[in-house]
Amino acid sequence: MDWLDQQQQYFETLQNFGPRLWDGFVLTVQLTLVGAALAFVIAVILGLMAGSPNLWLRGPARVIIEFFRGTSLLVQLFWVYYVLPLFGLTLESSFTVGVIALGVNYGAYGAEAVRASLTSVSSGQWEATVALSMSWPHKIRRIIFPQAWALMIPSLANLLVHLLKGSAVVYIVGLNDFNFELDQLRRVTDAWFAYAFIGLIAYFLFALVLTQGMRLLEIRAKHRLGQGPTIREILSPAPKMPIASAHPGSTPSLFGGKTPGGQG
Amino acid sequence: MPTPTDPETPVIEFVDVEKRFGDNIVLKDLNFSVRRGERVTLIGPSGSGKTTILRLVMTLEELTGGYIFVDGEPLTHREKDGKRVPVSAKEQKQLRTRIGMVFQQFNLFPNMTVLENIIEAPIHVLGQSKSEATAKAHSLLEQVGLPDKANEHPMSLSGGQQQRVAIARALAMDPEILLLDEVTSALDPEVVGDVLNILRTVADTTNVTMLIVTHEMSFARDVSHKVMMFDGGRVVEEGAPEKIFSDPTHERTKQFLSAVLRDA
């Protein structure tokens, strides 16, 4: 049987395999999105704590962040699945186990991105909130976080793609995710077809969707700070005006970031 | 508004104030007071500690020695059994709402419109209703000559316009004390006059106490009741502007004035 015939046969197998593979893919998407949502919540809470001047908030946050960054996702997965029940805490579904492990692991990484972007908001903004006597929750929610948000998106986008790829280890606690189904496909076809072809393309395309989605979020967040064009302008095929001149704030580096667009 | 206090009580009083950054002593044994409605300009070479004084009053810097009183009440520390004891956060906040500051770099919030910048703190810190704060904001924008910019984003405004919004934002809090920290230093020369004229009007039409750091000597001469010449963290000479500018007694003041007035 020559190579082409074999590939044709593989594609027929793929057709029969389709529904299973699709279910696995949907599970991977769900794990990624729900895990990312949990990771984001954890990242914001830990990041705010780690950026707080209060040692009683900062100290515990640092311990938690270093612990979950410093131990492997696989070990954490085993921990939640096998060790927590020894303490009487049994999670019914493997999906929950996977989401929790992904959430705490990537949440710890994300906390660093949140903390770093909070401190990157210019000191003048923090000082203005002091001069206006704003309380800490108020200034964070209304002034600092909205600006830090635009700064943290690129790091969070990176972590989101890592989380997607990291989700491939959950088959170890019995979840039939995309990676698991790919392995099943490999058994009846071959490694090249299942992994290098179907697996690579599917993971890549999903990652591409995620990064582009995050890019749009970043464009929107920056536009809200008066930097750069709107999403509509980015997506429109022929901009009516040169972007830089239409948006004086879009090239802050040229003006030292202080007085974009000149003064007058 | 704060409780009416004895008109004879100084609005700001520095007692044996010392400020050091590590081993670097910026202010030493500083004693002075500012009366209600008085406008005091601090002049002197850069590094002489003028801006630090404003930042201490705004609680943007930690006071390392001595006491600062606002309306006769301790701003950061009080003396108790011969020791310096920090005041509570609540006490400090209560005093701080009486103080407003305009910064060299404007520090408007880029995630809000001009109007939102102005009404944010009156609503959320002073508890004003939205309609009350908005009405006040519009009249302040009128006053600073920007009645049609309420819904613009700060980054689309010129430097001079941003600074005028920043002045309106500080005045919206009805401060007893207004701190002006080199408010024209980041502006193009041709718009400096506009901003100073607005501040002259504020000085003429209100009873707000002003502590001013500026390199604009003619402005200092016009608006201030008292000029204090600083060098090396100490007051070299102080007096009425006519006296200081026309007939300085101290050699260091003469040197400094001849240098800055030659530039002007």
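This is a predicted model: local features need pLDDT of at least 70, side-chain atom pairs count only at pLDDT 80 or more; totals for chains, interfaces and linings use all residues.
Modeller: Two strands pair if DSSP finds at least two bridges between them.

Biologist: In what order do the 4 strands of the open sheet β2-β1-β4-β5 of chain B pair, and is the pairing parallel or antiparallel?

Modeller: Strands of a sheet pair through backbone hydrogen bonds, in either a parallel or an antiparallel sense. In this open sheet of chain B the order is β2-β1-β4-β5, and the pairing is antiparallel. The edges are held by β2 (24–34) and β5 (73–74) of chain B; each has a single partner strand, so one side of each lacks a neighbour in the sheet.

Biologist: How many bridges join β1 to β4 of chain B, and which residue of β4(B) stands opposite B:Phe14?

Modeller: Strand β1 (residues 12–21) of chain B is joined to β4(B) by 5 bridges, and the two run antiparallel. Opposite B:Phe14 stands B:Ile68 in β4(B). Strand β4 (residues 65–70) of chain B also contains B:Val70.

Biologist: Why does B:Val70 count as buried?

Modeller: A residue is buried if 20 or more other C-beta atoms lie within 10 Å of its own. B:Val70 has 26 C-beta neighbours inside 10 Å, and therefore counts as buried. The C-alpha atoms of B:Val70 and B:Val11 are separated by 5.3 Å, although these residues are 59 apart along the chain.

Biologist: What is the strand order in the open sheet of 6 strands in chain B?

Modeller: The order is β8-β9-β10-β3-β11-β12, with mixed pairing. At the edges stand β8 (99–102) and β12 (234–239) of chain B, each with a single partner strand, so one side of each is left without a neighbour in the sheet. On average, neighbouring strands of this sheet are turned by 20° against each other, direction ignored. An antiparallel part of the sheet is the pairing of strand β11 (residues 226–231) of chain B with β12(B) over 5 bridges. Here B:Met228 stands opposite B:Glu238 in β12(B).

Biologist: Which strands are joined to β10(B) by bridges and run parallel to it?

Modeller: Strand β3 (residues 39–43) of chain B is joined to β10(B) by 4 bridges and runs parallel to it; B:Thr41 stands opposite B:Ile212. Strand β9 (residues 177–181) of chain B is also parallel to β10(B), with 5 bridges, and B:Asp181 stands opposite B:Val213. Together, β9(B), helix α6 (residues 189–205) of chain B and β10(B) make a right-handed β-α-β unit.

Biologist: Which residues of β10(B) point one way, and which the other?

Modeller: In a regular strand the side chains alternate between the two faces of the sheet. In β10(B), B:Thr209, B:Leu211 and B:Val213 point one way, while B:Met210 and B:Ile212 point the other, and all are buried. Because 5 of the 5 residues of strand β10 (residues 209–213) of chain B are buried, the strand is largely enclosed by the rest of the structure.

Biologist: At what angle do the axes of helices α1 and α4 of chain A cross?

Modeller: The axes of helix α1 (residues 3–50) and helix α4 (residues 94–120) of chain A come within 6 Å and cross at roughly 40°. That angle makes α1(A) oblique to α4(A). Their crossing is right-handed, and by class the contact has 19 nonpolar, 6 polar and 1 charged residues.

Biologist: How do the axes of α3 and α4 of chain B cross?

Modeller: Helix α3 (residues 114–124) and helix α4 (residues 130–143) of chain B have axes that come within 9 Å and cross at roughly 135°. That makes α3(B) oblique to α4(B), and the crossing is right-handed.

Methods
Residues are numbered from 1 along each chain as its sequence is written. Chains are lettered from A and ligands numbered from 1 in the order in which they are written. A residue is buried if 20 or more other C-beta atoms lie within 10 Å of its own, exposed if 12 or fewer, and partly exposed in between; C-beta atoms are placed from the backbone. A crossover is right-handed if, with the strands pointing away from the viewer, the path from the first strand over the helix to the second runs clockwise. Axes are lines fitted to C-alpha atoms, for helices over the stretch in contact, and angles run from 0 to 180 degrees between N-to-C directions. Angles under 35 degrees count as roughly parallel, over 145 as roughly antiparallel, 65 to 115 as roughly perpendicular and the rest as oblique. A crossing is left-handed if the near helix is turned anticlockwise from the far one by less than a right angle, and right-handed if clockwise. Ala, Val, Leu, Ile, Met, Phe, Trp, Tyr, Cys and Pro count as nonpolar, Asp, Glu, Lys and Arg as charged, and the others, Gly among them, as polar.
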